[in-house]
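Here is a short report for someone meeting this structure for the first time. Take a look at the sequence and the model, then read on.

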Amino acid sequence: MKYIDEFQDPELARRLLDDIHATVTRPWALMEVCGGQTHTIIRHGIDQLLPEQVELIHGPGCPVCVTPLEVIDKALEIASRSDVIFCSFGDMLRVPGTGRDLFRVRSEGGDVRVVYSPLDALRVAQENPDRQVVFFGIGFETTAPPNAMTVHQAKKLGIRNFSLLVSHVRVPPAIEAIMQSPSCRVQGFLAAGHVCSVMGIGEYPALAARHRVPIVVTGFEPLDILEGVRQAVRQLERGEHTVDNAYARAVRPEGNPAALAMLEDVFEVTDRAWRGIGVIPDSGWRLSARYRDFDAEHRFSVTGINTREPAACRSGEVLQGLLKPHECEAFGTLCTPRSPLGATMVSSEGACAAYYLYRRLELKTVPAAPTAPLEASPVV
């Protein structure tokens, strides 16, 4: 299949690895931003094939994982209401809230439905005019445009029983927060190609220059990752810090103009909480004033939320790149895909899920908890 077999060619992978081995002369730490990149790295053992001087740090690039616990708990409360049909992508149903998840709500009688597009949820609203239909709108810049388009369509068609519970986040402010952290060890980034296919690369040159880190946009196949590492290491060895596009087959520098126009119309930038990290300024979207009537948080009064993260879960450190999943004492014992403590073990893009699925189960000495987390306000 085009762009699958070609980008998994073992001979080409060996050539890229040979080039990286020949180039590197000192230790470097690179962060892959996206959970899809993390799964490719762990599935194919790319981190184990690289020179020992090159460390890959897993970043907070899983949209399910960074959805804050408070928003999960609000979703659970709204989904429990008898007049509500709550629609979501399937990967959110097992994300633990405080004491339960959406599967539990459904087992208790809540009308929770899995859909494959936000437009499916809009159709449910059209078919059930006597019920309130809520779609759980999470994700990075990749899923925000279709959610924006759906709200735009609901307004255009006059569908008043549809609303969006919004938890959209943006990548560049997260990179900024990571680089501002006193505990940061990241010296270069592998940026997520699908995000850049929507947003373009315009926000990255200033980040690269300000923090003196190379940023390489990559795809998600093994050769994409290796080429990204190769370009990042070459920049680091030369003392450069620019933005390279190693995913030109999908990413244009200007991004997707139609998607950007839809985002500009429907959303506005806001501060956003990230699960396990805290509030990062200007790192999210909310519905703009023109579409505020379709905001589920405004439509439903949800009060008395008392969030409680499991004490044994260290997923926040995993999301910040401060801890590898199998370095958590709960990994594979108290926390498994069947009984997850945190979203990083649930999500198909979560780092903990990748380590469990691909049998990275070796136990290591657990490092002391970091004393300097990301520079972000704590989640309330």
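A residue counts as exposed when its relative accessible area is over 50%, and as buried when that area is under 20%; anything in between is partly exposed. Arg212 has a relative accessible area of 56%, so Arg212 is exposed. This residue sits in the loop between α11 (204-211) and β8 (215-218).

Asp282 belongs to strand β11 (residues 278-287). Its relative accessibility is 44%, so Asp282 counts as partly exposed.

**Confidence**

The model is predicted. The protein chain has an average pLDDT of 91, and 94% of the residues score at least 70. Residues 363-380 call for caution: pLDDT stays under 50 there. For that stretch the model has 42 contacts beyond four places in sequence.

**Strands**

Strand β7 (residues 188-192) is mostly covered, with five of its five residues buried. Which strands pair with β7? One is β1 (residues 28-32), which runs parallel to β7 over three bridges. Here Met31 stands opposite Phe189 in β7. Another is β8, joined to β7 by four bridges, again in the parallel sense. In this pairing Ala191 stands opposite Val217 in β8.

**A helix**

Helix α8 covers residues 144-157. Its 14 residues should span 20 Å at 1.5 Å a residue. The end C-alpha atoms are 20 Å apart, so the helix agrees with that expectation. Buried residues in α8 include Ala144, Pro145, Asn147 and Ala148. Thr150, Val151 and Ala154 are buried as well. Just after α8 comes Gly158, with a positive phi of about 70°.

**Cysteines**

How many disulfides does the structure hold? The count is zero. A disulfide requires two cysteine sulfur atoms within 2.5 Å.

| Cysteine | Closest cysteine sulfur | Distance between sulfurs |
|---|---|---|
| Cys34 | Cys62 | 8.2 Å |
| Cys335 | Cys313 | 6.0 Å |

Cys34 is buried, with a relative accessible area of 2%. Cys335 is buried too, at 9%.

**Aromatic pairs**

Aromatic rings pair when their centres lie within 6.5 Å. By this rule there are six aromatic pairs. One joins Phe86 and Phe136: the ring centres are 5.7 Å apart and the planes meet at 65°, so the pair is edge-to-face. This pair links distant parts of the chain, 50 residues apart. Phe86 is in strand β3 (residues 84-88), while Phe136 is in strand β5 (residues 132-139). Both Phe86 and Phe136 are buried.

Phe267 and Trp285 form a stacked aromatic pair. The rings are 6.1 Å apart, centre to centre, with 25° between the planes. Phe267 lies in strand β10 (residues 267-274) and Trp285 in strand β11, so the pair ties together parts that are 18 residues apart in sequence. Are these residues buried or exposed? Phe267 is buried, at 4% relative accessibility. Trp285 is buried, with a relative accessible area of 5%.

Terms used: Residues numbered from 1 in each chain as written. Predicted model: local features only at pLDDT ≥ 70, side-chain atom pairs only at ≥ 80, totals over all residues. Heavy atoms only, no water. pLDDT = per-residue confidence, 0-100. Contact = heavy atoms within 4.5 Å. Buried < 20%, exposed > 50% of the residue type's maximum accessible area, 1.4 Å probe, protein only. Helix = DSSP H or I, 4+ residues; strand = E, 2+ residues; numbered from the N terminus. Pairing = 2+ DSSP bridges. Expected span 1.5 Å × (residues − 1). Phe/Tyr/Trp six-rings, centres within 6.5 Å; stacked < 30°, edge-to-face > 60°.
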